[in-house]
Amino acid sequence: MKYLQGKVTLVTGATRGIGKGIAIGLGEAGATVYITGRSLNNSNAQDDIGGSLNDTKLAVEEAGGVCIPIAVDHSDDEQVRSLFQRIEQEQDGKLDLLVNNVFSGVPVLRKLDDKPFWDFDANLWDACNNVGLRSHYVASIFAARMMAKRQQGLICTISSWGGLSYIFGAAYGAGKAACDRLATDMAVELKPYNVASISVWPGIVGTEHISSIASEMADSKSTDPKKAMFSDRYNWETPLLTGRVIAKLANDSTVISRTGHVHIVAELAKRYGVVDQEGNLPVSLRSLRFLLPMALPQLRKNSWLVPDIKVPWSLLLLSSLSSPKI
């Protein structure tokens, strides 16, 4: 069902990974999807993973959407300004959805190898938070100007459980916590204009980079239970699940009631009746069905026997998660 027919959307950083999955999910629903990345083809790829805007364009069109790829370096504010000017001109000032997804930090995160932050140059911060947190802020400025004029719109900022719990180090965690705060504080200022701003947390997503990391862990035969869980690909999501959930959010006439909050992809998928690429539905990372098999690996093959009950945040913060103490 093409329930986003006529909707104009923008996904930043959509050459591969979660961004590509989001673009495809919006295309399935019939949206016009603008996508950004550094190159239209593979000729400028800076790693061995690959992926291009043209690849994503073909995938979105195969899913039933209209896709407009635009090469943009999100570290250059003028290129971002030109991007939004083009959308405004081509769509008569209409932009229904911005998905802040672009993030250049994944390659450097693969090199951390459990070392402390002081073992790295200060530019580790920029790698995680320039084309990432700062880019989200800049894109949101231009999107909000268009949306506020029309008194409607949605800004989804892709964040991470790393905003609440230690995952990839200090620079990463600080950036993701700031993404959540950015979405929340923008919501305060945007709500009078009927524009919603939310932070979106996917689960463990099997992107090209993450799949490569998992394969390396499996080859290393690590005895670390956390790494073993990761290399087992337990309760993984595909990037498409996030796309399908965001498509539902973009079509939700009551989405303003969700503004200013963090929303978990698996929990929204369950609420909206959305399934993943293979027809399954991974559970939230705060579900007993995830947490118990994570601690007791022998339960993973029969995890469906564990109730899908969400553990309250208050209990998680007292135990497995750590947040700033007040």
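## Cavity lining

The lining of the largest cavity divides into 5 nonpolar, 4 polar and 1 charged residues. Here Ala, Val, Leu, Ile, Met, Phe, Trp, Tyr, Cys and Pro count as nonpolar, Asp, Glu, Lys and Arg as charged, and the others, Gly among them, as polar. The lining residues are F103, C128, N129, G132, L133, H136, Y172, G175, K176 and C179. α5 gives the most, with 5 residues. Helices (H or I, at least four residues) and strands (E, at least two) are DSSP runs, numbered from the N terminus.

This is a predicted model: local features need pLDDT of at least 70, side-chain atom pairs count only at pLDDT 80 or more, and totals for chains, interfaces and linings use all residues. Residues are numbered from 1 along each chain as its sequence is written, and side-chain values use heavy atoms, with hydrogens and water left out.

## Cysteines

The structure holds 0 disulfides (pairs of cysteine sulfur atoms within 2.5 Å). C156 counts as buried because its relative accessibility is 0%. C179 is at 2%, so C179 also counts as buried. Buried means under 20% relative accessible area, with a 1.4 Å probe and protein chains only.

## Helix α10

Helix α10 spans residues 265-272. Its buried residues are V265, A266, E267, L268 and A269. Their cover includes β6 (195-201), α9 (239-250) and β7 (262-264). Just after α10, G273 takes a positive phi of about 75°.

Methods:
Buried < 20%, exposed > 50% of the residue type's maximum accessible area, 1.4 Å probe, protein only. Contact = heavy atoms within 4.5 Å. 1 Å grid on protein atoms, 1.4 Å probe; cavity = no way out; pocket = protein on both sides within 12 Å on 5 of 7 lines; lining within 4 Å.
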